[in-house]
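Please read this briefing alongside the sequence and the three-dimensional view shown below. It begins with the overall architecture and then turns to individual places in the chain.

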Amino acid sequence: MQASASQLAAALRERLRIVSDEESRLDSEKHMERLREVSEQISRLGASLPQPIDPRLKHYLDRCSYSKALEFLETESA
């Protein structure tokens with residue numbers, strides 16, 4: 001996996017971790033801020049991928065299907 005795709009996969013994993021963090025949800029303002037920050041990072045990293053990117057990955061990122069995007073990146077790198 002290329003470095004930029006690897007960084008994107010890491011950011012996608014972080015977002016999924018934040019979403020599933022029950023304790024983080026207790027402070028909804030902080031929780032939403034963390035989600036916003038990682039979502040912006042995902043957008044930046046997605047835009048920095050070498051062009052053209054696979055149409056499926058582009059679709060997943062455009063539609064914020066982050067679990068599918070991560071699965072795609074992990075499958076394609078294997």
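Helices (H or I, at least four residues) and strands (E, at least two) are DSSP runs, numbered from the N terminus. This is a predicted model, in which local features need pLDDT of at least 70 and side-chain atom pairs count only at pLDDT 80 or more, while totals for chains, interfaces and linings use all residues. Residues are numbered from 1 along each chain as its sequence is written, and side-chain values use heavy atoms, with hydrogens and water left out.

**Overall architecture**

- The protein chain has four helices and zero strands, and its elements, read from the N terminus on, run α-α-α-α.
- The radius of gyration of the protein chain (taken over C-alpha atoms) is 13 Å, close to the 12 Å that the globule rule (2.2 Å times the number of residues to the power 0.38) gives for 78 residues, so the chain is as compact as a globular protein of that length.
- Along its principal axes, the C-alpha trace of the protein chain spans about 40 × 20 × 20 Å.
- With contact meaning heavy atoms within 4.5 Å, 53% of the contacts in the protein chain between residues at least 6 apart in sequence join residues at least 24 apart.

**Surface and charge**

- Buried means under 20% relative accessible area, exposed over 50%, and partly exposed in between (1.4 Å probe, protein chains only); of the 78 residues of the protein chain, 32% count as buried.
- The protein chain exposes about 5300 Å², of which carbon and sulfur atoms supply 50%; such areas come from the Shrake-Rupley method with a 1.4 Å probe, and for residues only the protein chains shown count as cover.
- The mean positions of the 12 positive and 14 negative charges of the protein chain are 4 Å apart, where Lys and Arg count as positive and Asp and Glu as negative, with His and the chain ends not counted, and where the place of a charge is taken as NZ of Lys, CZ of Arg, CG of Asp or CD of Glu.

**The aromatic pair**

- The structure holds one aromatic pair, a term for rings of Phe, Tyr and Trp (its six-membered ring) whose centres lie within 6.5 Å, with planes under 30 degrees apart counting as stacked, over 60 as edge-to-face and the rest as tilted.
- The rings of Y60 and F72 have their centres 6.4 Å apart and their planes at 65°, so the pair is edge-to-face.
- Y60 lies in helix 3 (residues 55-62) and F72 in helix 4 (residues 66-77), so the pair ties together parts that are 12 residues apart in sequence.
- F72 is buried, with a relative accessible area of 11%.

**The loop between helix 2 and helix 3**

- P52 has its place in the loop between helix 2 (28-47) and helix 3, and a cis peptide bond with an omega of about -10° joins Q51 and P52.
- L49 is also found in the loop between helix 2 and helix 3, and this leucine is buried, with a relative accessible area of 6%.
- Not counting residues up to four places away in sequence, L49 touches S4, A5, L8, L57 and L61; L49 and A5 are 44 residues apart in sequence and 6.8 Å apart in space, C-alpha to C-alpha.

**The loop between helix 3 and helix 4**

- C64, which has its place in the loop between helix 3 and helix 4, has a positive phi of about 60° although it is not a glycine.
- For background on such backbone features, most residues other than glycine have a negative phi, and most peptide bonds are trans.
- C64 is partly exposed, with a relative accessible area of 47%.

**Places in the helices**

- S43 has its place in helix 2 and is partly exposed, with a relative accessible area of 47%; S43 and C64 are 21 residues apart in sequence and 9.4 Å apart in space, C-alpha to C-alpha.
- P55, in helix 3, is exposed, with a relative accessible area of 64%, and P55 and A3 are 52 residues apart in sequence and 19 Å apart in space, C-alpha to C-alpha.
- S67 lies in helix 4 and counts as partly exposed at 45% relative accessibility, while S67 and Q2 are 65 residues apart in sequence and 19 Å apart in space, C-alpha to C-alpha.
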